[in-house]
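This briefing concerns a predicted model. The points below are grouped by topic and are to be read alongside the sequence and structure.

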Amino acid sequence: MDDQKNQKPVKYNPLYDPATDNAAISDEAQQIVNNPIEDPTGLDDDDQAFVNMLVSLVDEGKINLYQPSTLLNQEVYDGLNDEKKGKVDQQAFNMLSTVREIYNYNKSAFTNNSYQFQNMVRKLRLQKEETEGEIGDVYVF
């Protein structure tokens with residue numbers, strides 16, 4: 001028992017320095033880390049058109065950012081069997097969170113030319129294309 005008390009505590013992360021924990025960060029450094037890294041090439045035309053369409057659908061009230069069913073092309077959705085409806089429901093829920101992120105980011109002061117924004121847009125496009133490739137034109141965008 002005494003051997004355990006006399007042992008040094010195991011350091012799990014050799015890169016962690018408790019002396020720097022909660023150390024002050026300069027305003028300049030904080031500003032740098034708070035801004036997304038920009039891609040000098042920016043969004044391609046297809047991605048920009050996709051973003052513009054999504055934003056207009058939300059602004060027009062056709063997509064409600066807190067109601068996944070507003071993403072659905074109801075006519076196509078109603079013709080699906082229960083298994084496919086379940087998959088579409090799950091995807092719509094996940095996709096709506098990405099739509100919300102895209103919309104909020106687009107309306108923010110940040111530029112749309114960031115890698116972060118490009119990845120959000122491409123993620124949504126891939127989810128949409130994968131689901132619609134299997135099920136059909138089930139989304140309104």
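D47 is buried, because its relative accessible area is 1%, and the cut-off for a buried residue is under 20%. This residue lies in helix α3.

**Surroundings of D47**
- Leaving out residues up to four places away in sequence, D47 touches V121, R122 and R125.

**Nonpolar core**
- The largest nonpolar core comprises 29 residues.
- Within this core, the residues with the most contacts are I63, L71, V99, Y139 and F141.
- Two or more core residues are given by each of α3 (45–59), α5 (82–107) and α6 (115–135).
- Helix α5 supplies the largest share of the core, namely eight residues.
- In soluble globular proteins, nonpolar side chains tend to be buried together.
- Apart from neighbours within four places in sequence, Y139 is in contact with L71, L72, N73, V88, Q91, A92, M95, K128, T131 and E132.

**Packing of α5 and α6**
- The axes of α5 and α6 come within 10 Å of each other and cross at roughly 160°.
- Helix α5 is therefore roughly antiparallel to α6, since angles over 145 degrees count as such.
- The crossing of α5 past α6 is left-handed.
- On the α5 side, the contact is made by K84, K87, V88, Q91, N94, M95, T98, V99, E101, I102, Y105 and N106.
- On the α6 side, the contributing residues are Q116, F117, M120, V121, K123, L124, Q127, K128, T131, E134 and I135.
- The residues of this contact comprise 10 nonpolar, seven polar and six charged.

Definitions and conventions: Residues numbered from 1 in each chain as written. Predicted model: local features only at pLDDT ≥ 70, side-chain atom pairs only at ≥ 80, totals over all residues. Heavy atoms only, no water. Core = buried A, V, L, I, M, F, W, Y, C linked by side-chain atoms within 4.5 Å. Buried < 20%, exposed > 50% of the residue type's maximum accessible area, 1.4 Å probe, protein only. Helix = DSSP H or I, 4+ residues; strand = E, 2+ residues; numbered from the N terminus. Contact = heavy atoms within 4.5 Å. Axes fitted to C-alpha atoms, helices over the stretch in contact; angles between N-to-C directions. Parallel < 35°, antiparallel > 145°, perpendicular 65-115°, else oblique. Left-handed = near helix turned anticlockwise from the far one by under 90°. Nonpolar A, V, L, I, M, F, W, Y, C, P; charged D, E, K, R; others polar.
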